Amino acid sequence: MRKLSFLLLFLAVTMFAQAQIATDIYWVQFTDKDNSPYSIDNPEAYLSPRALQRRANLGIAIDEYDIPVNPQYLQAVADCGAELLNPSKWLNGVSVHVTDPAVIEAINALGFVEVVRNCPNDPKAQEMKERWMADEMRAVEGSRGFRGYYGGAEAQATQLKVDVLHEQGYDGTGIVVAILDGGFVGAENHACFDNMREEGRLLGTRDFVYGSTSVYTQSTHGTSCLSTMAAYVPNQMVGTAPKASYYLLHTEDGPNENIVEEYNWVSGAEYADSLGVDVCSTSLGYIGFDMSQWDHPFEHFDGHTAPMTIGAEIAASRGMICMNAASNEGDGVCTLGIPADAEHILTVGAVDENGYRANFSSVGPTYDGRIKPDVMAMGEGTYVASGDGGWWPYYNGNGTSFATPVLAGAVACLRQARPYASVQEICDVIRSCGNRADNPDSKYGYGIPDFSQALELLHVEEAPIQNNNLINVYPNPSQGEMHVVLNEGAKAELTVFDFMGRQLYTYSFNGLNHTTLETYLNTLVSGVYFIKAVSELGNQTLKLVVTK
């Protein structure tokens, strides 16, 4: 088997005994979701209110992909003697740990099991990744000093014109970003994240590799990626989405290389979707396997074959804007890593401060002839925080791994400004605002996008108005002055929540006594809020976006 992960690894990589013994990992593929206790008609059982609101905002229906894996199937596999690891509802299967061949035979005999496949470890690919470590763990010499508010990160922010969005109040407030990566060593105490922690914007963590209680192990890679978005130390380092909220998800197994990591990622993306995440940033990629059952030859780079690519496509269809690093394989014929071939995500290549492509940045096109990467961002000499901290808290690093979250932060700000634009609309406008949009190619894609132009091109949307709405709040988004209309019935009990679900205000509204309610709403600071209306005719939850 041959596989290469281009995850950049750094000096402080913590290796420890693993719950997943790579050669004993299997993928169990189910045939169906029959007789499930879950249904499309009751999505509240498996999707959060925020996830449901995102679907409503974007007009996305609940479908069979959303229904969890049948728990009876999972129990039957466990009863055979397997240790369940990560189920995937989108791929309809589960990864398991098994050491006894008789257990595999028993699982294969289950009527609802389509196939059981081994996910073997690959020592050769691991050796290749360790060579990447030797090259990538060295900091590169910075060619610029601090230049004001953004500190050492000024070039990477201003190159995308995301500073223009920040000046207009679009700094990621109310937007939730998930980072799927190989570890977040040092993120729990680095000073650049103090503001995020103090304001409660680190919403949660989860480990899909070991099932442990901490993601702050194994690698500093995720920490550096997070810093390009979330850092907030004015005049030292400010990221591209300094006021967004974040989930940190560990899906890449640094000490080993096997295809179960693709399934880990899909489970992580499903989790992000269920939480209502708006933007997913991934700086991982998987290039090839020479075992026939897992092979990723060129013809698999068609946007709908590899497990992780399938998951990325489904994630985009759920309303999440997904970004993935192109890879660091340089020139050649399609040197991308899975899932950079996915059609409905933004694949990100690397340029330097002056806009020239980094020689390590991977190129397309995909097998079916599509241009990849889609766009470029600064990934050569990128200013990032180090999980090592201490005497080396910041450094300049190289990799499409860093270009991707730099761009993802800008996308989060654009999503804040245009909350009702579809994933397709946002991705299309970002491509159209690239500096090579008139002549895209497989090295630069559509070029470096201008997010100030993207903001202008995306129309300002009002919240979708439905005939069965109990209330309407307009304008929405609002810059401060709001009006409320009661559409049905004589009375509704209204409750206002912040985007974390904390109750802020309650009011008994009859449609006439609007002055007191509107006065309160006009005091809200910039952010995302939810207004729940309950009446005899039913209930409704409306998302309200305030941009002052």
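The model is predicted, so to speak of local features pLDDT has to be at least 70, side-chain atom pairs count only at pLDDT 80 or more, and totals for chains, interfaces and linings use all residues. Numbering starts from 1 along each chain as its sequence is written, and side-chain values use heavy atoms, with hydrogens and water left out.

**Helix α9**
- Helices (H or I, at least four residues) and strands (E, at least two) are DSSP runs, numbered from the N terminus.
- Helix α9 covers residues 260–275, and its end C-alpha atoms sit 23 Å apart, in agreement with the 22 Å that its 16 residues should span at 1.5 Å a residue; that expected span is 1.5 Å times one less than the number of residues.
- Of the 16 residues in α9, 14 are buried, so the rest of the structure largely encloses it; buried means under 20% relative accessible area, with a 1.4 Å probe and protein chains only.

**Strand β3**
- Strand β3 (residues 93–97) has five of its five residues buried, so it too is largely enclosed by the rest of the structure.
- G93, S95 and H97 point one way from β3, while V94 and V96 point the other way.
- In a regular strand, side chains alternate between the two faces of the sheet.

**Partners of β3**
- Strands pair if DSSP finds at least two bridges between them.
- β1 (residues 25–30) runs antiparallel to β3 over five bridges, and I25 stands opposite H97.
- β2 (residues 83–88) is also antiparallel to β3, over four bridges, with P87 and V94 as bridge partners.
- β2 and β3 make a hairpin with four residues between them, and N92 in the turn has a positive phi of about 55 degrees.

Conventions:
Buried < 20%, exposed > 50% of the residue type's maximum accessible area, 1.4 Å probe, protein only.
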